[in-house]
Amino acid sequence: MIDSSSLLANIALALLAAAVAGVLAARLGQSVILGYIVAGILVGPYSPGWTADQPTVDALAAIGIVLLLFVTGMDISVRDMTRMGRITLIGAPAQVVLLIGLGFLAGKALGWDDTPALFLGAVVSNSSSTVLSKILSERGEGASRHGRIGLAWSAVQDLTTIILVVVLTAVVEGGSGLGRDLGIAVLKAAVFLAILVPLGSWLLPPLFASLRTLQQREVFVLAAAALALLTAYVASLFGLSPALGAFVAGIVLSESEIRHEVLNGIVPMRDIFAGLFFVSIGMLLDPMFVASNPVPVLATLALMVPIKGLITAGLAMPLGVTVRRSILAGGGLAQSAEFSFVLASLGASLAALSDNEFSVMLSATALSVVLAPAVHVSAQRLSRRVEVATHQDLTRGWEPAFQDHVIICGYGRVGSVVVRVLRERNVPVAVIDLDVSAIITLRDQGVPAFLGTADNPLLLTRAGIDRAALLVVAVPEPTAVRRLVQLAREANPTIEIVARTHEIAERDRLEAGGVQEAVVGELELAIEMARYALRVTGMDPLQADEHVARIRHGLIE
């Protein structure tokens with residue numbers, strides 16, 4: 001029988017270690033996932049001091065991975081994957097197949113048997129949606145084009161894991177009857193999906209809608225968590241991974257109207273258990289094993305990080321993705337995590353992997369998560385250097401001949417309106433954007449336009465940043481905006497800068513960094529809606545304008 005006091009102590013101390021290490025990682029500008037893994041190493045059996053009970057933490061982490069993949073499934077948008085078209089639907093499967101082949105060859109080169117080598121290929125082929133989304137959200141790049149490509153690509157990888165689990169299980173258990181066992185495994189998975197998809201599409205939305213009418217948030221949250229865990233259990237009855245079952249359930253609910261409410265309820269619970277999941281990964285990581293087995297660990301890590309990143313970028317470019325975005329997407333996907341652990345754990349549970357082989361995969365996967373934030377930053381730097389080297393010919397002959405002009409960075413829905421208004425007043429403008437068709441159209445209209453990222457020093461120089469009167473920053477990524485503001489201030493200390501942002505805290509940071517006006521989109525939307533509401537409810541238009549002006553001043557100050 002489990003000692004309740006011991007269970008409580010393990011949960012409390014594991015969460016405390018995760019919280020402290022997560023805070024330190026955030027303070028150092030690193031991903032909190034790195035902090036969780038370090039916390040696991042510190043409370044693990046391979047470090048001195050207090051050691052958490054591994055079975056207890058693993059049991060809690062198993063719940064964490066189920067909730068984690070349930071939410072990951074709901075974050076997958078089938079529409080987004082379809083919208084990305086051949087970029088993800090062709091690129092991602094091709095990348096998975098190539099990595100499985102390279103992983104198999106690497107395993108054979110390490111002296112492994114065929115089955116462990118095949119598992120190695122499967123483990124290195126997958127990237128983590130969770131790690132990627134956390135890095136993107138921490139850096140404010142979730143809405144970026146390369147971020148959406150990376151997440152959609154990773155979602156397709158996640159779907160291929162369902163096939164890999166079925167195939168690998170059949171390979172291990174098949175023997176001479178491989179074809180028959182593979183057919184049985186596929187049939188079980190098909191029956192599971194045939195039951196889950198109709199139930200999820202027809203019964204679950206009205207069920208959760210009725211729970212919503214109770215206006216009892218805790219009941220809604222408990223129902224969502226119960227659904228994830230129950231689906232995981234049912235999946236295990238069909239011979240599937242419990243985590244994969246929860247993942248499929250999340251996908252089924254991803255396009256339903258209740259998706260956001262379920263996410264809102266279950267995400268806090270997911271974050272707690274997911275923290276324990278990454279702590280459990282750290283507990284399994286033995287630094288001495290890595291030191292004593294550098295060749296297999298580093299070879300596996302090389303497949304997960306640089307080789308996977310290069311293959312991803314190399315496949316994305318022929319599919320219509322720009323060089324910069326291909327590099328950024330490749331850098332974001334150059335890691336492995338939750339599904340790789342699922343596949344490695346599957347191999348261990350089927351006795352297909354030795355302890356040494358399992359430890360190699362585990363160590364390399366954990367190290368890839370540790371390196372992921374740094375790899376992402378390096379990919380950004382590399383993309384800027386490549387852009388400078390490849391776009392010089394695109395900018396020659398387009399330097400504005402005027403002074404005191406306006407530079408607009410970003411020609412999307414916001415920037416295009418600003419350009420139109422300024423051109424109607426005959427104000428000279430120059431535009432920097434990544435959309436080739438937009439650049440060609442603007443050049444045909446006689447507008448100096450430059451293809452590339454706004455935080456490229458070369459393009460800012462070509463656009464005449466040192467002579468400009470105003471810089472309009474209409475790009476959505478906060479990190480790019482901050483770098484752009486810094487470059488503009490260094491090149492032209494007297495230039496006026498107006499920038500867009502989505503958060504008041506980010507607005508404060510931008511204004512502290514030299515932006516004269518940082519416009520919070522949601523705030524301005526709320527103010528305009530309030531102005532309209534005041535007029536409809538009887539207030540004089542002039543009084544409404546004055547009242548809204550006071551509100552804006554109070555909110556901004």
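Which residues in helix 6 meet which residues in helix 7? The answer is that Q95, V96, L99, I100, G103, F104, A106, G107 and K108 in helix 6 meet D114, A117, L118, L120, G121, A122, V124 and S125 in helix 7, where contact means heavy atoms within 4.5 Å.

## The model and its chain

This is a predicted model, in which local features need pLDDT of at least 70 and side-chain atom pairs count only at pLDDT 80 or more, while totals for chains, interfaces and linings use all residues. Residues are numbered from 1 along each chain as its sequence is written, and side-chain values use heavy atoms, with hydrogens and water left out.

The protein chain has 25 helices and 6 strands; helices (H or I, at least four residues) and strands (E, at least two) are DSSP runs, numbered from the N terminus. Of its 557 residues, 51% are buried, a word that stands for under 20% relative accessible area, with exposed meaning over 50% and partly exposed lying in between (1.4 Å probe, protein chains only). The accessible surface of the protein chain is about 25,300 Å², and carbon and sulfur atoms hold 64% of that surface; such areas come from the Shrake-Rupley method with a 1.4 Å probe, and for residues only the protein chains shown count as cover. Among contacts in the protein chain with a separation of 6 or more, 72% join residues 24 or more positions apart.

## Helix 6 against helix 7

Helix 6 (residues 91-109) and helix 7 (residues 114-125) have axes that come within 7 Å and cross at roughly 140 degrees. That makes helix 6 oblique to helix 7, since angles under 35 degrees count as roughly parallel, over 145 as roughly antiparallel, 65 to 115 as roughly perpendicular and the rest as oblique. The axes are lines fitted to C-alpha atoms, for helices over the stretch in contact, and the angles run from 0 to 180 degrees between N-to-C directions.

The contact of helix 6 with helix 7 involves 10 nonpolar, 5 polar and 2 charged residues; here Ala, Val, Leu, Ile, Met, Phe, Trp, Tyr, Cys and Pro count as nonpolar, Asp, Glu, Lys and Arg as charged, and the others, Gly among them, as polar. V96, which is found in helix 6, counts as buried because its relative accessibility is 5%. Apart from neighbours within four places in sequence, V96 is in contact with S125, Q157 and T160.

## Helix 7 against helix 17

The axes of helix 7 and helix 17 (residues 338-349) come within 8 Å and cross at roughly 165 degrees. Helix 7 is therefore roughly antiparallel to helix 17. F119, A122 and V123 of helix 7 make this contact with S340, L343, A344, L346 and G347 of helix 17, and by class the contact of helix 7 with helix 17 has 6 nonpolar, 2 polar and no charged residues.

## Helix 22 against helix 23

Helix 22 (residues 478-491) packs against helix 23 (residues 504-512) at an angle of about 15 degrees, with their axes 10 Å apart, and the two are therefore roughly parallel to each other. P478, V481 and R482 of helix 22 make the contact with E506, R509 and L510 of helix 23. These residues divide into 3 nonpolar, no polar and 3 charged.

S154 is found in helix 9 (residues 145-174) and counts as buried because its relative accessibility is 0%. Leaving aside neighbours within four places in sequence, S154 touches S127, S128, S129 and L333.
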